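Here is a short tour of one protein chain, written to be read with the structure open beside you. Let us start with a word on terms and then walk from helix to helix.

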Amino acid sequence: MEKNSISDSEEISLKELVLKVKSAIAYLKSKWVLITICGIMGGLLGLAYSFYRKPLYIATSTFVLEDSKGGGLGQYAGLASLAGIDIGGGAGGIFQGDNIIELYRSRVMLEKTLLSPVVIEGKKQLLIDRYINFNKLRDKWKEKDHISSISFYGDPDKFNRKQDSIISDLVGLLRTKILGVDKIDKKLNILKVDIATDDELFSKEFNNKLVETVNNFYTETKTKKSSQNVMILQKQADSVKRVLNSSIGGVASAIDAAPNANPALLTLRVPSQRRQVDVQANSAIYGEIVRNLEVSKISLRQETPLIQVIDRPVLPLFVSSLGKLKGILVGGFLGVFLITLILSVRKIFTAILN
């Protein structure tokens, strides 16, 4: 009996559900005129928006990130260190994985790129000025904040509060709406950088300058240790070489001072022998420093470059725009969906109240 009662209740619930669905469909059919009008209005709004919305020009760069796994000279770093030789490679993975993506999104890199001068259409200008001009931001600042003129030339560390505030706003806008950085595939070390703005030339130049700025910063940071080692060893090599040349000249001078020295007088040989000892010692020191210098140079060459650009943006750029037909279809769908949702909610509340 209990099983039969449960099955009967389930059958009744299913029937009620089917009846409610039929009732809802019939109710919506009775409102077809209103739904049609809303769909037409939505389509017209979508068409109007397609005219209003400016096309976005997307500049794309792809590059491969060299992922150091400790191979190459890195596997000999431990043995070299026992001999007092530093062959670099100490930077490790400071910018591996998602760190390089955050580097592209950092304020320092974006600000430095915005303040970089470029030549667009034969005119040298800052990228930040180009962005401000094609978005007509100066007119808005003049009306709202009463800022008649503002310049971004000079030392960024000496900018005033207004200049820093404007740069902060633009950096935030770049992060959220303009810049896109991501890996093409999670298994690969190929990254893609997208810049999407209303200005085709700005998108292209900003993309190129951003990749160049991050590339240089990345390379300088990763090779800083090796570069310092090369500079120090080069100075030491030059210094020892000068001393060695002086010692060689001293040997010649000592011999010239006593060209036909009496073999019985050993004191006449001492200056020349001392100079020869200095030459031999300096020669050994110089040879060791030169070997270390060459190893450091090899390490420096192996670490540079660390980012290899694969593709750069070229004109004409890819254009992302909302076509008229697409605007009508999307607007009409949204209009029908919204009015259907409103009518359904209204019907449910009415049923509950009744």
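Predicted model: local features only at pLDDT ≥ 70, side-chain atom pairs only at ≥ 80, totals over all residues.

## Terms and overview

The protein chain contains 12 helices and seven strands. Of its 354 residues, 32% count as buried. Among contacts in the protein chain with a separation of 6 or more, 78% are between residues 24 or more positions apart.

The buried residues are Leu-127, Ile-128, Asp-129, Arg-130, Tyr-131 and Ile-132. What covers them includes the helices α5, α7 (137–144), α8 and α9, together with the strands β2 (117–120) and β3 (123–126).

Just after α6 comes Lys-136, with a positive phi of about 55 degrees, although Lys-136 is not a glycine. Lys-136 sits in the loop between α6 and α7. Is Lys-136 buried or exposed? With a relative accessibility of 58%, Lys-136 counts as exposed, since the cut-off for that class is over 50%.

## How α6 packs on α9

Two packed helices are described by the angle between their axes and the distance between the axes. The crossing of α6 past α9 is left-handed.

Which residues make this contact? From α6 come Leu-127, Arg-130, Tyr-131 and Phe-134, and from α9 come Leu-201, Phe-202, Glu-205, Phe-206 and Lys-209. Sorted by class, the contact has six nonpolar residues, three charged ones and no polar ones.

## How α5 packs on α9

Helix α9 also packs with α5 (residues 107–114), at an angle of about 130 degrees and with the axes 9 Å apart. That makes α5 and α9 oblique to each other, and α5 passes α9 in a right-handed crossing.

On the α5 side the contact is made by Met-109, Leu-110, Lys-112, Thr-113 and Leu-114. The α9 side supplies Phe-206, Lys-209, Leu-210, Thr-213, Val-214 and Phe-217. These residues divide into seven nonpolar, two polar and two charged.

## Around Leu-201

What does Leu-201 touch, once residues up to four places away in sequence are set aside? The partners are Ile-120, Glu-121, Arg-130 and Leu-315. One of them, Arg-130, is a buried residue of α6. Another, Glu-121, is found in the loop between β2 and β3. Phi of Glu-121 is near 55 degrees, a positive value in a residue other than glycine, and Glu-121 is exposed, with a relative accessible area of 68%.

The partner Leu-315 leads on to Pro-316 through a cis peptide bond, with omega near -5 degrees. Pro-316 lies in the loop between β6 (307–311) and β7 (318–320). Leu-201 and Pro-316 are 115 residues apart in sequence, while their C-alpha atoms are 9.4 Å apart in space.

## Gln-163 in helix α8

The last stop is Gln-163, which lies in helix α8 (residues 161–178). Gln-163 has a relative accessible area of 9% and is buried, as the cut-off for that class is under 20%.

What does the side chain of Gln-163 reach? It reaches the backbone oxygen of Ser-151, at 2.4 Å. Leaving aside neighbours within four places in sequence, Gln-163 is in contact with Ile-150, Ser-151 and Phe-152.

Terms used
Residues numbered from 1 in each chain as written. Heavy atoms only, no water. Left-handed = near helix turned anticlockwise from the far one by under 90°. Helix = DSSP H or I, 4+ residues; strand = E, 2+ residues; numbered from the N terminus. Contact = heavy atoms within 4.5 Å. Nonpolar A, V, L, I, M, F, W, Y, C, P; charged D, E, K, R; others polar. Buried < 20%, exposed > 50% of the residue type's maximum accessible area, 1.4 Å probe, protein only. Polar contact = N/O pair within 3.5 Å; in protein donor to acceptor, adjacent residues only side chain to side chain. Axes fitted to C-alpha atoms, helices over the stretch in contact; angles between N-to-C directions. Parallel < 35°, antiparallel > 145°, perpendicular 65-115°, else oblique.
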